[in-house]
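Work through the exercises below with the structure open. Try each task before reading its solution.

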Amino acid sequence: MSFAASTSPKLQEKVQEKEKDARKQIQDLIEQLRGDASQGQEHPRIEDVATLLSVLAPPLDGVGLLPPRFRVYLGGAGVGAGASARTWTHFIPQIQRVLLTHVVPTWGEELLRLDQGDKANLKEKGKEKETEREGRGGLALIDQYFCPDGFVNGSEAAGEVARAAYATLVSAPSALEAGGYGSKMGHAQRYGYGVSMLARLAVEYPIDRLYKSVFLNGKGDGDGVLKGVGWEDCVRDVCKVPAVVANALAARESGGGMRWGGEVPDVLENAAYFDRMSMRCEELILFLSSSTSTSVEQESLTYLLTKLVNLGVFPPRPPVARSQPSFFQSALPAIRARLSSTSASAQQKYSAFWTALLQNIASSSSITLQSILASLFASLHVAVPPSSSPSPSQISPSTHIPALSEDTTTRARVTREAALLRALVGAPSPDNAPALWQIATSLVLSRDWPLAELHARVFVAWISGAASVVLDAFLNTVLDVWASPEHIKHSLLSRHRYMTSLLLLTISYFPSTSTSSPPPAIQNLVSSPAFIGAIGTCGMLAAEVVAHLCGRKLDFGGWDGQSENEGLGWCRVMRALLSARDVDVDVDADDEHRAADADAGVNEDEDMEDISAPGAAASTPAPITPTTPPTRAIFLPKSSTGYDSDDSLTGYASPPSAASSRASSPTPSELAEIEKDPTLNVGVKKVPRPVYLAQLGELLRAASGGAGGKTGPNDAHDADRVQMALDCAEGLIRRKMGYGTELDENAVNLVHAFLSLQDNFDLDGFSEKRQAALTALVACAPTKATPALIQEFFKNQYSTDQRFVALNALAMGARELADLPVPPTPSTSNPGRTAFPSKMLPGPLHRKYISAGDAGAGGTEVRGIADRNLLPRMVEQLATDALDEHREEAGRTAGSPALIRERRLRVQKPQLVSEIPSSASSSSSAPLNPFARSDFQPGTPKSKARSKFIDIAAEHFILPFISSFWAFLRDTQALEQRTAHLSGRARYRGAGTGLILNPLVLAQFVRTLAVLVHAARNAREWMALVAPEALEVAVTLGTRPVSSMDEDGVDDGDDDEAQSGGGKGGPAGANKEASLLTATLELALVVLDGALELDGGRVLGLEHTALILGLGEWAGKVFSGLERGLRVQGGGGAHEARLSRAAAGVLLKVNELTSKWSRSMIDL
């Protein structure tokens, strides 16, 4: 034992060294086949065919696949003599790739000639007949590397080589594009060597043979997980073959200009390939059903069928073109044969395996099972056999419906197809297989089948084979669809008949009784409100059938009359069909008719489209069939009265067709009933009044569709939404002020919504209501709405009208916060809108009956809130007040802003009554954390006090407004400088029409700033920040060009008088519009007047001396130019008078300030 133990490691080392040497020899062999070996190495370069065959023979001999006639090319020890079969198999894929890319293109012609003129090298003589592979010469040896012959087909190595060949060929498209060599190459000459090998592999190594190679050969080796991965790779490679071949031949056609017709081998065409694979899958299922089924087998077949479903091999309808594959169309004949010709035990195993397989698919992928069942249901042979059809002379539209035929042959065929479903799918049950039940019933109830009633008979016969509980569940499912309002209103006539057939056939399978105790399912059906509420012919027929089943008598009459009404005829045939059940007929009764149909050449499958070359179709003449002349219209002779009317023309006779699935047109009386039906009468949808601000935002978003104002498909309802939002917006916003955080949370979104809203529907009062809503947002949520509105104003996506709305909202909201007079809004002018109910008439009636005198001027004032001239008039009034020399004495003493400011800052007394926090009243309510914020401490909630404008003016209104303007001006001028070298439309101009730097918009911006500055003159930051910043804006916009358009000047002939400062390049520095000059001067006048009233101009005069002196010089130049008669662009008339007055006012204020602080200013 000790000797054996000591020698065992040495033996293992020798085996390993031998294996290593063999691997090196095999690798050298591969390099030699590539042609990379040199003459000095052990294996010389291949120079002739004999050397090539001697190199190719050892690997095949190592795996046991070498044909006997090529053994003469084996040497003594041979290459890789110590390698095992597994080692050789490991290198087979590399050898295959080398053969495809190097050997076959180089040596293919020589190997083919070997069999013709150099047979002496084969050392085989005396054979009178050569086999097909011997006729291929030396290529037969290369074929063994891809598709081993039939003598070794059952070996394990052959299966592994075939799997490797599939993977190699589908991953090497260049090998498939290569052409053949020689005249006897057969497929290889026409399609290329790789395509010919795939064609042979598809026949000799189908999917069931590959399955055995993966799972059954070498059962004790490897792991189940590894085998599963190998099987998935194998299935992917096999399913790629038709697409890879078609792509390769398409590339060959585009490169070589070859004709497409006939290039793809028949066996590799898409339909033929997958049809063959479908039949081999059925063979594999038969093989596996004979043994004990395991989870590995179920999972492997589930993956295969899922792959085929994804490739379209399970179509939802029978294919009509031969290029489309169908699994069940190919495999159903074999499946029927297995279920009828084999023994009972084999049939049971086969059926159980199919059922278990479908249930396993249901647990893994419901979509895959749905596709398989839909294809199976569509592939059923439910067509009425010609032998059971009556002659054309016996067919009547009201008496014969093929799908409802009650003859024995049709009933036997229905029973046979139901048995097929029961054998493959099993007996459906909502308890045992809920997934299968749900998918099957959804397909039965939702799909439209070609012969709907015949499919319904098959489905009911299939389900009736299960327990009575299953039939009850199916009846309830059918009733839910049959009695649903959507089905009754919107389904076509064919759909109504199909669902009624399902219902009545299901009821007929319940046992009938003459006693007072019918089956429980029928009792529930009789008391069901849905069943009782069903109306129409189908509902009457169903009621009669149920009453008969319960032993009651109910007869509406009229079914057996001679009326040619299509609906009554269908009901008569259905009543006759329900007299017996399909499952009570012997299945063998259909055998005679099937045999007769087969002798007559009748095929149960549907006719398929034959796809042929266009030239063949053109060369085949169309068959000539005798035709009868068309019937001509008959004109009646004129009556004796001589009256000639269009009614004398008799139309073509067009009897109703039983094959039509469209319902007849309703009569006028039926149309009147439909119009009166409250369930079908769709009126105008009433838009609900918003209660919360979030609902208000949803109304605006749903109606406007975004910033672009796009409307949806419901334009009328969108107009109602916009109207409701505008009517409720201002009042709702003002009511939400001070109550919680709802207004703060929704203020920004509402600003965006209202600012981007456009009048697409020409609504009454649109501009006024939108302006009032934005003004209310600024006044009620100034810290949230104002920054958002300022930010949106400087974006380039808004029109001039929308920018004016934003500026008006800022100005009016600021004045409202500062308790200054503002124009009335729709809510403030009509307090009754938010008051309690009164005896006043509704809005439309009130406006109808109110007199013109009662209306007053309020309506005009409300409409003026959105007027573009509102801000100019307001600023003009402020300038007039600043220049008024006749102010009351009380206003300059007790009511002076300077005294008010002094009282507030210095002599303000503490309040005598103040609120005591709840935490201070009781020690029990003191905060646990003394450093925590009081906002988060428990206690009584406090109402939010309204903000004062002087506290938030600088932080949220004026300074963000000015700083955003400077940033926008900087970016615009930088963009203009970058495009200054361009010309035409490529050059950017920031002062174009509709832009912010346009004089029209810029003047409105300055006026809004003037209103804000005037309203905030009592703020703490006014003297130090607000006044200097506002003056700098006024001086800059009045003297400096803001755009390149200002620097370009004006038209010729006006240059001498265009500049307010005396011409181009004068002191004014730019060509300015009269409106912009007037606005800037009025802004400066408002600031100077406020500074003089607050502190006599001390801060401005002493700390901003250069700004004040420059302002005075600019105003003097403008005033002197106007006095000399120079014309300002856009001036004349009232504009010129207003500009002159503003310039004179600024001069007076500057003189007053400098005369008071001139000595201190000079000292500085």
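**Exercise 1.** In this predicted model, find how many contacts beyond four places in sequence residues 706-714 have, and decide how to read them.

Solution. Step 1: look at the confidence; pLDDT stays under 50 over residues 706-714. Step 2: count the contacts; the model has 17 for these residues beyond four places in sequence. Residues 903-908 also have pLDDT below 50, with seven contacts beyond near neighbours in sequence. Step 3: where pLDDT is low, the predicted coordinates should not be read in detail.

**Exercise 2.** State the mean pLDDT of the chain, and name the elements with the lowest and highest mean.

Solution. Step 1: the chain has a mean pLDDT of 74, and 63% of its residues reach 70 or more. Step 2: the lowest mean among the elements, 37, belongs to helix α27 (residues 614-619). The highest, 95, belongs to helix α33 (residues 782-793).

**Exercise 3.** Describe the largest cavity and its lining.

Solution. Step 1: the structure holds six cavities of 30 Å³ or more, and the largest has a volume of about 80 Å³. Step 2: its lining residues include Y166, P206, V238 and R280. Step 3: helix α11 (residues 270-289) gives the most to this lining, four residues. Step 4: sorted by class, the lining has eight nonpolar and two charged residues, and no polar ones.

**Exercise 4.** Is T168 buried or exposed?

Solution. Step 1: locate T168 in helix α5 (residues 156-170). Step 2: T168 has a relative accessibility of 3%. Step 3: buried means under 20%, so T168 counts as buried. Step 4: leaving out residues up to four places away in sequence, T168 touches P93, Q96, R97 and L100.

Definitions and conventions. Residues are numbered from 1 along each chain as its sequence is written. This is a predicted model: local features need pLDDT of at least 70, side-chain atom pairs count only at pLDDT 80 or more; totals for chains, interfaces and linings use all residues. Side-chain values use heavy atoms; hydrogens and water are left out. pLDDT is the predictor's confidence in each residue, from 0 to 100. Helices (H or I, at least four residues) and strands (E, at least two) are DSSP runs, numbered from the N terminus. Contact means heavy atoms within 4.5 Å. On a 1 Å grid over the protein atoms alone, a cavity is a set of points where a 1.4 Å probe fits but cannot get out, and a pocket is an open set with protein on both sides within 12 Å along at least five of seven lines; lining residues have an atom within 4 Å of a point. Grid points are joined across faces, edges and corners, and a volume is the space filled by probe spheres set on the points. Ala, Val, Leu, Ile, Met, Phe, Trp, Tyr, Cys and Pro count as nonpolar, Asp, Glu, Lys and Arg as charged, and the others, Gly among them, as polar. Buried means under 20% relative accessible area, exposed over 50%, partly exposed in between (1.4 Å probe, protein chains only).
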